[in-house]
Amino acid sequence: VHATIAGVLAAFAVPLITTPGRPDAPDSPLHKLEHALDAPVAFVIVPIFAFANAGVSFAGFGIEAMLAPVTLGVAAGLARRGLGEHARVAPVLPPGVDYVAVYAALSKLGAVAAGVNPRLTPPERAALVAVVEPRRVVTTTELADGLDHATKIDRTTTWEDLADDGPPPAPVAPDPQRLAALVFTSGTTGQGRAAMFTEAQL
């Protein structure tokens with residue numbers, strides 16, 4: 001169900017019961033619904049929406065992949081390319097482990113991940129990358145078609161291509177207010193818009 005339609009349907013489900021005080025009074029049906037939906041939205045709906053909209057498949061992916069040394073290697077490789085805290089990076093990769101490895105590596109660096117759906121047409125992908133204004137684009141040779149070549153582009157076939165054998169980068173201190181991801185809407189009414197998510201929100 002489209003996010004906008006889901007929101008409208010949820011609003012229709014709020015009982016029209018008069019409550020004393022402000023609309024956000026603790027005993028207001030709207031207040032109770034907002035708090036009841038907070039955890040499912042933050043920990044289930046938003047992550048599913050983000051990865052699904054980016055065309056990511058988790059087939060064959062387990063927790064061992066997230067903890068694998070190659071993830072730290074990818075982070076080291078990206079760091080060697082001058083990427084670090086607050087740097088915007090646009091992964092334009094096929095769905096699967098490679099995408100998730102790059103996403104996790106960017107998180108370790110404190111960088112901003114702005115995944116672009118590889119199933120979009122070349123002009124659509126290029127338009128979203130232009131919105132991000134990334135320091136770097138991580139993609140494949142096939143998906144690089146149409147991208148702005150003024151932007152540094154890493155063409156890769158697997159996540160190991162980005163890995164570096166050197167020491168892993170120094171850990172970045174947690175910052176709840178730091179921008180962690182840009183997630184594009186589906187763009188059903190035009191070009192997708194980027195929603196900003198901080199570490200606290202993710």
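Which residues are buried in helix α6? In this predicted model, local features need pLDDT of at least 70 and side-chain atom pairs count only at pLDDT 80 or more, whereas totals for chains, interfaces and linings use all residues. Residues are numbered from 1 along each chain as its sequence is written, and side-chain values use heavy atoms, with hydrogens and water left out.

Helix α6 spans residues 122-132, and its buried residues are R125, L128, V129 and V132. They lie on the same side of α6 because they cover an arc of only 100° around the axis, the arc being that of the directions from the helix axis to the C-beta atoms. Buried here means under 20% relative accessible area and exposed over 50%, with partly exposed in between (1.4 Å probe, protein chains only); helices (H or I, at least four residues) and strands (E, at least two) are DSSP runs, numbered from the N terminus.

The buried residues of α6 pack against β1 (88-92), β3 (136-139) and β5 (179-184), where contact means heavy atoms within 4.5 Å. On the face turned away from this buried side, α6 carries the exposed residues P123 and A130. The helix is followed by E133, whose phi is positive, near 50°.

Leaving aside residues up to four places away in sequence, L106 touches L78, V89, P91, A111 and A113.
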